[in-house]
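Visitor: Hi! Could you walk me through a few spots in this one?

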Amino acid sequence: MRIGMIGLGKMGGAMSRRLLKAGHECVVFSRTAGARDALVQDGAIAAGSMADMVGLLEGAPRVVWLMLPSGQVTEDAVEALGGLLSKGDIIIDGGNSFYKDDIRRAGSLAGKGIQYVDCGTSGGVWGIDRGFCLMIGGPGSVVEHLDPIFAALAPGRGEIARTPGRGERNQRAELGYIHAGPSGAGHFVKMVHNGIEYGLMQAYAEGFDILRNKNSEDLPQAERYALNIPDIAEVWRRGSVVSSWLLDLGAAALAKDPELTGFSGFVQDSGEGRWTVEAALEEAVPADVISAALYARFRSRRDHTFAERMLSAMRFGFGGHIEGREPTDPEPTSVARPDNSTGQNVIAQII
């Protein structure tokens, strides 16, 4: 299948390369010529503008995937494509848009006969190898047409054991992607996913801060322990019920620098945590942990603790996020982590 890709950053570039490896054709556009040229070396077709891209997409329906920052940038791109595409063509927003914006865009484009699909995308800088977990919203028939694209981007079953009791339920979930529901449902599921991520990361960060401060001079001498934090992170990776990929990333950062001095502790939020808390308020659902984790990120921008440096290290690990660093920025860290597609440990770079 030939697909247009707009936005060739850390995620968009990796997704384009994964699609190319699977035999799909990608027509790529970015304002950065270097990003386009690099993908041409991997077999992509470069377009100099959105209009050029649409012209290079053969057959019907034409498909354009957006991997742009949420907000006005994506809004402008959807509006521009709405004037370039024709009835039956498809726009996919794979960024982190607010789900209510998806509902509005889908309704507006429907008047022109253009189909709109929202796709929550998780995988970070590792997705090119691990695959991308996809949560999709939109009309079922359109999602079915795009299935080869989603299947190529997703991790696949690999060697992960089947969940007992699933039976013959929809097999897409076991491959790493789902059709979550109508317009907005994909980004809504991804939004809550990111809210949960906030809570998990905050729990790790606070726990390691408690361990680190067990040697405080404020404690009685007999109760002080000079604990080896990198070793604790490492042993928890192996057989513990709190093992996870986030812990893997934290352990890698601690192994390189036990004090995480290369991280300032400034922790940004990209919006999904706020939207998750808003949804909880609308639904009258208690969300104590996610709310507290969001507020902790706000506080991190005023004074910084080891817990915030731990959060910052994990965000850098899975997404390459660079935020409020001290001059001693950490170098890319090699880490052994599980590969979803093979079930084997591989060595990869945090970049």
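Guide: Happy to. One definition to start: the expected span of a helix is 1.5 Å times one less than its number of residues. Keep in mind that this is a predicted model.

Visitor: OK, what span should helix α15 have, and how far apart are its end C-alpha atoms?

Guide: Helix α15 covers residues 306–319, and its 14 residues should span 20 Å at 1.5 Å a residue. The end C-alpha atoms are 20 Å apart, so the two values agree.

Visitor: Nice. What caps the N-terminal end of α15, and what follows the helix?

Guide: Thr-305 is the cap, with a side-chain oxygen 3.2 Å from the backbone nitrogen of Ala-307. After α15 comes Gly-320, which has a positive phi, near 70 degrees.

Visitor: And how many residues of α15 are buried?

Guide: 14 of the 14, so α15 is largely enclosed by the rest of the structure.

Visitor: Switching topic: at what angle do α10 and α13 pack?

Guide: About 105 degrees, with the axes of α10 (residues 185–212) and α13 (residues 272–283) 8 Å apart. That makes the two helices roughly perpendicular.

Visitor: Which residues meet there?

Guide: Among them are Phe-188, Met-191 and Tyr-198 from α10, and Trp-275, Thr-276 and Ala-279 from α13. The residues of this contact comprise six nonpolar, four polar and two charged.

Visitor: Last one: is Arg-237 buried or exposed?

Guide: Arg-237 is buried, at 19% relative accessible area, where the cut-off is under 20%. Arg-237 sits in the loop between α11 and α12, and its side chain makes a polar contact of 2.7 Å with the side chain of Asp-248.

Note on methods:
Residues numbered from 1 in each chain as written. Predicted model: local features only at pLDDT ≥ 70, side-chain atom pairs only at ≥ 80, totals over all residues. Heavy atoms only, no water. Helix = DSSP H or I, 4+ residues; strand = E, 2+ residues; numbered from the N terminus. Buried < 20%, exposed > 50% of the residue type's maximum accessible area, 1.4 Å probe, protein only. Polar contact = N/O pair within 3.5 Å; in protein donor to acceptor, adjacent residues only side chain to side chain. Axes fitted to C-alpha atoms, helices over the stretch in contact; angles between N-to-C directions. Parallel < 35°, antiparallel > 145°, perpendicular 65-115°, else oblique. Contact = heavy atoms within 4.5 Å. Nonpolar A, V, L, I, M, F, W, Y, C, P; charged D, E, K, R; others polar.
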